[in-house]
Amino acid sequence: MVASTHWLASSSGMAVLERGGNAFDAAAAAAFTLHVCEPHMNGPGGEVPAIFVTAEDPTPRVLCGQGVAPAAATTRRFRELGLDLVPGTGLLAATVPGAVGAWLTLLRDHGSLPLRDVLGYAIGYAEHGHPVAQAVVDTIAAVEQLFLGHWPTSADLWLPTPAPGGLIRNPALAATYRRLVDEAEAEGGDREKQLDAAVTAWYEGFVAEEIDAFCRTEVVDDSGRPHTGLLTGADLAAWRPSYEPTVSQDVFGWQVHKVGAWSQGPVLLAQLAMLAAMGEPPGAATAEEIHRVVEVAKLGFADRDANFGDGADLTALLDPAYLAERSRLVTGEAGAALRNGLGTLPRYVLEGGGPAGPAGLGVGEPTLGGLEVSPQGTTRGDTCHLDVADRWGNMISATPSGGWLQSSPTIPALGFCLGTRAQMFWLEEGLPSTLAPGRRPRTTLSPSFATRDGTQLSFGTPGGDQQDQWQLVFFLNHAVHGMNLQAAIDSPSWHTTAFASSFYPRQTGTQLLLEARAAAAADELRRRGHDVEIVDGWSLGRMSAIARDTGSGLLRAAANPRGQQGYAVGR
């Protein structure tokens, strides 16, 4: 089975399974297709974390495709540029692009098909075209003047703004992927040797050379000023993807697995443990459940912002006794934001730093799942998600993101742009997520995997800071309220903004956004002090999920109906 945020990615992955490929071949094919079909959400210049199990080893493991900050990316350098924050667009915020290296590494170590067979779907859609989704059209329209005035290489690729459903092509990206295949095959030898050659071509060969050259140009970013990039070919050559253990918590009869402290993922574990400590769960989507979930989110995300970062020790934060103590801060009334229990919040957050709003943020039309894009390219919310399981027992949950078309100008020779994940670093010294060369940013990307006797569950969603709120609602629906996967996704969702945003300009909100289908709870929530905003009834979250019965091998899958774009398929 394959479930993802775009039907063409799911269908491509399923085609790989039909021809005998395994889950890792299929996941890579789907992911490369997402680079083409959801270019406003991810691209080859972005990153991906994943959690997977193999048929031989059911222990969940993390694949880290999150690149690091360049060697020249120091807090001093940014202070010399007169910046208090890393910009959210342009070249300054680029980290080493990790997504392609991660998928190539996974294919080498656990896949079975030649690279040509995996990349063929993405190459075909990029070369011959695919019907463009409304959300892509909305994003291009929002940044049209930026492209015309400052980013001509992006204008050449994406303008004039296409009509929804019309065919769009990216011949330069097709040529990049075709050359990657050709250079891998020219190496000769076995499949593994060819995939190593593809990694080398990306990080030390023609791709790295083009990225290095392009980063030496000045580019206007959402600070309002032009800057050259810091990323170099040497930065790419020095980095490779890695594997590491998950972080997990036993809760509600499941063992839930997340990526470590360089992701926001462990905040889901903290929220679940706090809710479990509060006793008998209330009914699904009732005012009491929404209140509890929002309140533990405020507490969990405050601790995220004070403690998470590459290499941080989360042992004390995930201690059940500590989380039970934190849960007792939840009363019948809405609590304040920014109440961390351990660590220190950035001064920028405590002092309410930042403008009233980033230049133009909110002018661009929000797209499905919380993505909001300004005319300057500033983006809040992000990402794609995919889940794949095969008949042999391999299974993967992956959340590709970054390098979206509005993040920085297109590199014309390659057909894609770089990401801006470094905006999630702080420039204040001494924090767990302070910018430093070679450090991974504390990303929002957060795939999930859960296990209990006889069942494996892979799930996730796009959505930036909302990912581990929407996943929490889904998991409660399935694990606590007994809903099947599709019902758990379809059920009304909500989230709070009462913590520091991970996206430039890093503001702290106040709102509780609630899908209109749960509006019956709004009056009670307002009485408790929540700043409730009712939004479209089918607008929050882009979940997908796959479950496996390990005894029978039976698979179940579900995908998000919101926006009529997600798709689950299997047989």
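Seven strands make up an open sheet, ordered 8-3-2-14-13-1-22, with antiparallel pairing (strands are DSSP runs of E, at least two residues, and helices runs of H or I, at least four, numbered from the N terminus; two strands pair if DSSP finds at least two bridges between them). This is a predicted model, in which local features need pLDDT of at least 70 and side-chain atom pairs count only at pLDDT 80 or more, while totals for chains, interfaces and linings use all residues. Residues are numbered from 1 along each chain as its sequence is written, and side-chain values use heavy atoms, without hydrogens and water.

- Strand 2 (residues 48-53) and strand 14 (residues 395-398) run antiparallel, joined by four bridges.
- Ile 51 has Ser 397 in strand 14 as its bridge partner.

**Hairpin**
- Strand 9 (residues 247-251) pairs with strand 10 (residues 254-258) in the antiparallel sense over five bridges.
- Two residues separate these strands in a hairpin, and Phe 252 in the turn has a positive phi of about 50°.
- Val 247 has Lys 258 in strand 10 as its bridge partner.

**His 257**
- His 257 lies in strand 10 and counts as buried because its relative accessibility is 5% (buried is under 20% relative accessible area, exposed over 50%, partly exposed in between; 1.4 Å probe, protein chains only).
- Leaving aside neighbours within four places in sequence, His 257 is in contact with residues including Ile 51, Pro 60 and Phe 449 (contact means heavy atoms within 4.5 Å).
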